[in-house]
Amino acid sequence: QVQLVESGGGLVQAGGSQRLSCVASGSIFRIIAMGWYRQAPGKQRELVATINAGGGLNYADSVKGRFAISRDNAKNTVYLQMNSLKSEDTAAYYCNARVYTTPVAWDDYWGQGTQVTVSS
């Protein structure tokens, strides 16, 4: 089993910055990719940003130029630096990891979520 623990959420003013962290632990053979998703009240969960083992990046159009995802492979940790925050960024942010737990078996895992609230 794999556990993901997020930290760094909270209340921030519009235009401000915040950094989220997510640490993966447990039966990890190899992490394929890690990423962040978010879900606002009444809306579907949506992709924010992902980073794969080779460093390849993918961002939602709504956060390009404002958010930056990075990863520390040695620590099994992914970060999301969020700048120029807007009220529409308010959501629960979820960490995701695609993990091989054996050389041949992989699965997707989710954190419990951390709330980010941007006040205008």
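# Strands, turns and side-chain contacts in a predicted model

In the hairpin formed by strands S4 and S5, six residues lie between the strands, and Gly42 takes a positive phi near 80°. The model described here is predicted.

- S4 and S5 (residues 46-52) run antiparallel and are joined by six bridges.
- Trp36 has Ala49 in S5 as its bridge partner.
- S5 is also joined to strand S6 (residues 57-59), by three bridges, and these two strands run antiparallel.
- Across from Thr50 stands Asn58 in S6.
- The hairpin of S5 and S6 has four residues between its strands, and Gly55 in the turn has a positive phi of about 95°.

**The four-stranded sheet**

- Four strands form an open sheet in the order S1-S3-S8-S7, and their pairing is antiparallel.
- Why is one side of S1 and of S7 left without a neighbour in the sheet? Strand S1 (2-7) and strand S7 (67-72) stand at the edges and have a single partner strand each, so one side of each has no neighbour there.
- On average, neighbouring strands of this sheet are turned by 15° against each other, with direction ignored.
- S7 pairs with strand S8 (residues 77-82) over six bridges, in the antiparallel sense.
- Asp72 is found opposite Thr77 in S8.

**Strand S11 and its partners**

- Strand S2 (residues 10-13) pairs with S11 in the parallel sense, over four bridges.
- Leu11 stands opposite Thr117 in S11.
- Strand S9 (residues 91-100) pairs with S11 in the antiparallel sense, over three bridges.
- Ala92 has Gln115 in S11 as its bridge partner.
- In a regular strand, side chains alternate between the two faces of the sheet.

- Most residues other than glycine have a negative phi.
- Asn76 has a positive phi, near 50°, and its place is in the loop between S7 and S8.
- Ser84 is partly exposed, with a relative accessible area of 40%.

**Aromatic rings and arginines**

- A pair of aromatic rings is described by the distance of the centres and the angle of the planes.
- The structure holds one aromatic pair.
- Tyr37 and Trp110 have ring centres 5.1 Å apart and ring planes at 65°, so the pair is edge-to-face; planes over 60 degrees apart count as such.
- Tyr37 belongs to strand S4 (residues 30-39) and Trp110 to strand S10 (residues 106-110), so the pair links distant parts of the chain, 73 residues apart.
- Trp110 is partly exposed, at 38% relative accessibility.
- Arg45 lies over the face of Trp110, at 4.7 Å from the ring centre.
- Arg19 lies over the face of Tyr79, at 4.1 Å from the ring centre.

**Arg38**

- The Arg38 side chain makes a polar contact with the side chain of Glu46, at 2.7 Å.
- A polar contact at 2.9 Å joins the side chains of Arg38 and Asp89.
- Leaving aside residues up to four places away in sequence, Arg38 touches several others, including Gln44, Arg45, Val48, Phe67, Glu88 and Tyr93.

**Val5**

- Val5 is found in strand S1.
- With a relative accessible area of 49%, Val5 is partly exposed.
- Val5 touches Ser21, Cys22, Val23 and Gln112, not counting residues up to four places away in sequence.
- Val5 and Thr114 are 109 residues apart in sequence, and their C-alpha atoms are 9.3 Å apart in space.

Note on methods. Residues are numbered from 1 along each chain as its sequence is written. This is a predicted model: local features need pLDDT of at least 70, side-chain atom pairs count only at pLDDT 80 or more; totals for chains, interfaces and linings use all residues. Side-chain values use heavy atoms; hydrogens and water are left out. Two strands pair if DSSP finds at least two bridges between them. Axes are lines fitted to C-alpha atoms, for helices over the stretch in contact, and angles run from 0 to 180 degrees between N-to-C directions. Rings of Phe, Tyr and Trp (its six-membered ring) pair if their centres lie within 6.5 Å; planes under 30 degrees apart count as stacked, over 60 as edge-to-face and the rest as tilted. Buried means under 20% relative accessible area, exposed over 50%, partly exposed in between (1.4 Å probe, protein chains only). A charge sits over a ring if NZ of Lys or CZ of Arg is within 6 Å of the ring centre and within 35 degrees of the ring normal. A polar contact is a pair of N or O atoms within 3.5 Å; within protein, one must be able to donate a hydrogen and the other to accept it, and residues adjacent in sequence count only if both atoms are side-chain atoms. Contact means heavy atoms within 4.5 Å.
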